[in-house]
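Open the model in a viewer and keep the selection tool at hand. The stops below go from single residues to the whole chain.

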Amino acid sequence: MKYINFKDTKISKLGLGTVQFGLDYGIANEQGKPTIEESMKIINFAYDKGINCFDTSTNYGNAQEVLGKSLINKTDAFILSKIKSNIFINNLENSFDSILKELEINKLNVLFLHDCELLDSWEESYSYKISKLKDSNKLDYFGVSIYTNEEFNYAIKNNDIEVIQVPFNIFDQRAITNGWIKKAEDSGKLLIIRSVFLQGLFFMNQKKIPKNLEIAIPYIKLLEEYSIQLNVKKSELALNYVDSLLENSPILFGCNSLTRAKETIETFESLKKIDKNILENLKIDFSNITDKIYDPRKWI
């Protein structure tokens, strides 16, 4: 497993998202959420393969509890959790203590805001809340999970935000076109990548794609053509694209079966550097895709 260093903290380049362990999540998910036993097997397998980065949230059903039971005594785990802005304002202390209790830890590595409602009107009292958690040795870093370029720009200018979770994949290249990668590097903030497979849209049978997403079919076909031409799986191409462009950012993936977890981790560990010309062609051929395809909030 590859690792990155962030402020002397060792973080696996591949991280496991846990939303599928607590909710029926993902446009391509036909199985529903796995059992607690299966979820724990996935988490333990990932950890045994060198993954120490785990992403969860208070809004992921019982995922935090499942993660906590799986990672008992695994002190090198780098755990990310999220709360909504209204909880941050009105009930941070109790909610944060509940997070620690569910995860069975004394200190959380990263607390994210799960939305960006507070970013454009940040107050000193918010900074105080964060400092209080850090001073009590309960939290390492504070961050936010963003969707838009406007939100990113608010986050990059906010001194309290040290980690920014962003969507990035072959269909969604805003991290490149809007300069998120360079801006994060220049400001010393860590980018964590989500949506590398766009909730499994890349792998869907075209006949099962809902009507409101039929506009994505030409791009899915193009992705398949690249996959055939390069003789690689679409999952390998998707991971390789992001891994090649963001060398210092953990990449989160989700799954709802041990089989899929094994496939993804094995694929990632066997990645070979993608040819620069192919990388450039991918950038060009998948540029200017509408947000109606890459933003799941607009799939309704």
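Begin by selecting Ser-235, which is found in helix 10 (residues 234-245). Helices here are DSSP runs of H or I with at least four residues, strands are runs of E with at least two, and both are numbered from the N terminus. The model is a predicted one: local features need pLDDT of at least 70, side-chain atom pairs count only at pLDDT 80 or more, and totals for chains, interfaces and linings use all residues. Residues are numbered from 1 along each chain as its sequence is written, and side-chain values use heavy atoms, with hydrogens and water left out.

Ser-235 has a relative accessible area of 16% and is buried. The cut-offs are under 20% relative accessible area for buried, over 50% for exposed, and partly exposed in between, with a 1.4 Å probe and protein chains only. Now display what surrounds the residue: leaving aside neighbours within four places in sequence, Ser-235 is in contact with Phe-197, Phe-203 and Thr-267. Contact means heavy atoms within 4.5 Å.

Next, select Thr-18, in the loop between strand 3 (14-17) and helix 1. Its relative accessibility is 0%, which counts as buried. Not counting residues up to four places away in sequence, Thr-18 touches Asp-55, Thr-56, Tyr-60, Ala-63 and Leu-67.

Ala-63 and Leu-67 lead on to helix 3, as both are among its buried residues. Why is helix 3 described as largely enclosed by the rest of the structure? Six of its eight residues are buried, so the rest of the structure largely encloses it. To see the cover, show helix 1 (19-22), helix 2 (36-48), strand 4 (53-55), strand 5 and helix 4 (85-103), which are included in what covers those buried residues.

**Thr-75**

Move on to Thr-75, in the loop between helix 3 (63-70) and strand 5 (78-83). Is Thr-75 buried or exposed? At 79% relative accessibility, Thr-75 counts as exposed.

**Cysteines**

Select the cysteines and show their sulfur atoms. How many disulfides does the structure hold? There are zero, a disulfide being a pair of cysteine sulfur atoms within 2.5 Å. For Cys-116, the closest cysteine sulfur is in Cys-53, 19 Å away, which is too far for a bond. Cys-116 is buried at 14% relative accessible area. Cys-255 is in no disulfide either, and the nearest cysteine sulfur, again that of Cys-53, is 14 Å away. Cys-255 is buried too, at 3% relative accessible area.

**The whole chain**

Clear the selection and zoom out. The protein chain has 13 helices and ten strands. Its radius of gyration is 19 Å, close to the 19 Å that the globule rule gives for 300 residues, so the chain is as compact as a globular protein of that length. That radius is taken over C-alpha atoms, and the rule is 2.2 Å times the number of residues to the power 0.38. Along the principal axes, the C-alpha atoms fill a box of roughly 55 × 40 × 40 Å.

Colour by accessibility to finish: buried residues make up 53% of the 300 residues. Of the contacts with a separation of 6 or more, 76% are between residues 24 or more positions apart.
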